[in-house]
Amino acid sequence: MIEVKNLVKRYGDHIAVDHLSFTVEQGQILGFLGPNGAGKSTTMNIITGYMSATDGTVTVNGLDVYEEPEEVKKMIGYLPEIPPLYPDMTVLEYLNFVAEIKKVKKSERKEMISDIMEATKITDMSNRLIKHLSKGYKQRVGLAQAIMGYPEVIILDEPTVGLDPKQIIEIRELIKELSKNHTIILSSHIMQEVSAVCDQVLIIDKGRLILQDKPENLSNHLGSTGGLKISVKGETEPVLEALKKIDRINDIRENHSYEEGVVNLTLHCNANEDIREEVFYSMVEAKTPILEMQSIRMSLEDIFLKVTNEEILEEDSIDEEEIPETIASEEEVDEDVRDL
Amino acid sequence: MLGIYKKELRNYFTSMIGYVFIAFFLVIIGIYFMIYNLFFGLANFEYSLGAVTFIFVLLIPLLTMRLMSEEKKQKTDQLLLTSPLSASSIVLGKFFAVLTIFLIVMAIVCTYPLIMSLYGSIPYGSSYGSILGFALLGGAYLAMGLFISSLTESQVVAAVISFIVFLFTVLMKGIASIFPTDNKTALIVFSVMVIIICLLLYKMMHNLTVSIVTAVIGIGGLLGVYLVKPTLFDGSLIKAFEWISVISRFDTFSVGILDISGIIYYLSIIFIFNFLSIQAIKKRRWS
């Protein structure tokens, strides 16, 4: 359906997209994952024909974006990072205008607009000026604009930014609903979103493709980081003493504890090793009862951070001493997510 | 194109600029009409129009400044450029919308000679001929303003640059008459112009060979002509500046002559600047 080959975009000396290639099949939802400035928006802008690439080709349904721009643009609906809205128009006027420039037939226009307003839940706002809408509603009007004309491909650049949790769920439902008849590409830096919605995940960093797979396969790809989180009743010193005797533990980190007399620790061991029993017996020996124990599963966040960090490590060829630090940073993010 | 046209036209009337422009334009023309035609009793409406050409400098930037720049600033150009519209239909839709506002003024002005006809016999031909010329002159300024607006993201910058350029076209005639007429100065000035154009080319395309080749061909051609037939340059500087001076072409209309070459001149200016605006939009993809 969509085929991107060797895409390169240069801004002077800076390379925003670096030989990116991927394909999207009909009816798929492709998630574009990457840190800020990874080249997500640039890639989307190129696919939609807003920008040109320095090199490489993009074809949609076998049609090249540069050779037949008007045909390709007919097949694509696009919600850019900032929804392209005219503040002085009402929602209805705006959607009418969009339907007109997207060449929706006059006879179908009225019905299509009311259907789309229903789907994006903006019917109540139809006579309000866009400048008076909240960010969440503006985002929905932007989404309505992208769906207008029911194009085969819908490209959404961070569609849930600025929405409240309830709206995020609604928009995700809507995207899933749309994927029945449309091919969708969406970008995000929120991992749960991608794992909740997408069939395929594409991780890019610094314009390069790092990984492409199904979200559920991603962790297999990398192997899990073996590890445990435990809460132990007792003093820090004896607990650490006892744990240090276990050879298979590579690294121990102490986390903040909210309870008096309870130590929270994160233990790291090699991937695919099970140290749960050993930890249990050593704690029994030290007479410090375990209150909680939890295996660390690699979430998409971890995978994402790991992959992007590995890139950095490879690139700068930093010696091995630095690696624990990267693990530490994963840890912090993990904590942050947990706190949320 | 029709969608863009309707949107722009609606925008002029929801944002008041349309009303302000029409009202202000009519007030100024009305004042001159009163003084020349009603108080002094001149039957020639073209004299009044000849005297009010300066208001283009003040009013056209007001109308054109936001046409393209605002789209870029609000990022709505992403909607337009990713929709199945061609760059030319975007530009032409906008141009015809802004032209419509101006033609509303012209339509009202068309009734003035009829008002005068109540008091005596009126030379309709020269009156309406000059209104036609005036409308074309306005169209040329609108196309220029549209092009300038497509170069920047800021309405203010667009307005200021348009104002300066328009002012220059008005003052050009006066400036041109003080230039020396000898052919050496003409050669130097033209060469400097070629160099400036090449620098602009380099800035836009970042291609050194193209700019240098253009410069060499341009200056070489000028030198060649100078060596072979230097008399060609006699007084050419003044002619060139008068040619750029959009407003001086209206002089023939304002003395009651229907100047076909003037009509063609204005139509070409309109065509060239619309073409340049389309190119400016297309080029944006590549930057």
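**Chain B, domains.** I looked up the spacing of the two domains in chain B: the C-alpha centres of domain 1 and domain 2 lie 33 Å apart. Domain 1 of chain B covers 2–173 + 245–284, and domain 2 covers 182–234; such bounds come from an automatic or database domain assignment.

**Ground rules.** I note that this is a predicted model, where local features need pLDDT of at least 70, side-chain atom pairs count only at pLDDT 80 or more, and totals for chains, interfaces and linings use all residues. Residues are numbered from 1 along each chain as its sequence is written, while chains are lettered from A and ligands numbered from 1 in the order in which they are written.

**Chain A, sheet.** I counted 12 helices and 14 strands in chain A (DSSP runs numbered from the N terminus: helices are H or I, at least four residues; strands are E, at least two). I then traced an open sheet of 4 strands in chain A, order 12-13-11-14, with antiparallel pairing (a pair needs at least two DSSP bridges). Strand 12 (249–255) and strand 14 (290–295) of chain A each have a single partner strand, so one side of each is left without a neighbour in the sheet. From one strand to the next, the twist averages 20° (axes are lines fitted to C-alpha atoms, for helices over the stretch in contact; angles run from 0 to 180 degrees between N-to-C directions).

**Strands 11 and 14.** In chain A, strand 11 (residues 227–233) and strand 14 run antiparallel, joined by 5 bridges. A:Ser231 stands opposite A:Glu292 in strand 14 of chain A.
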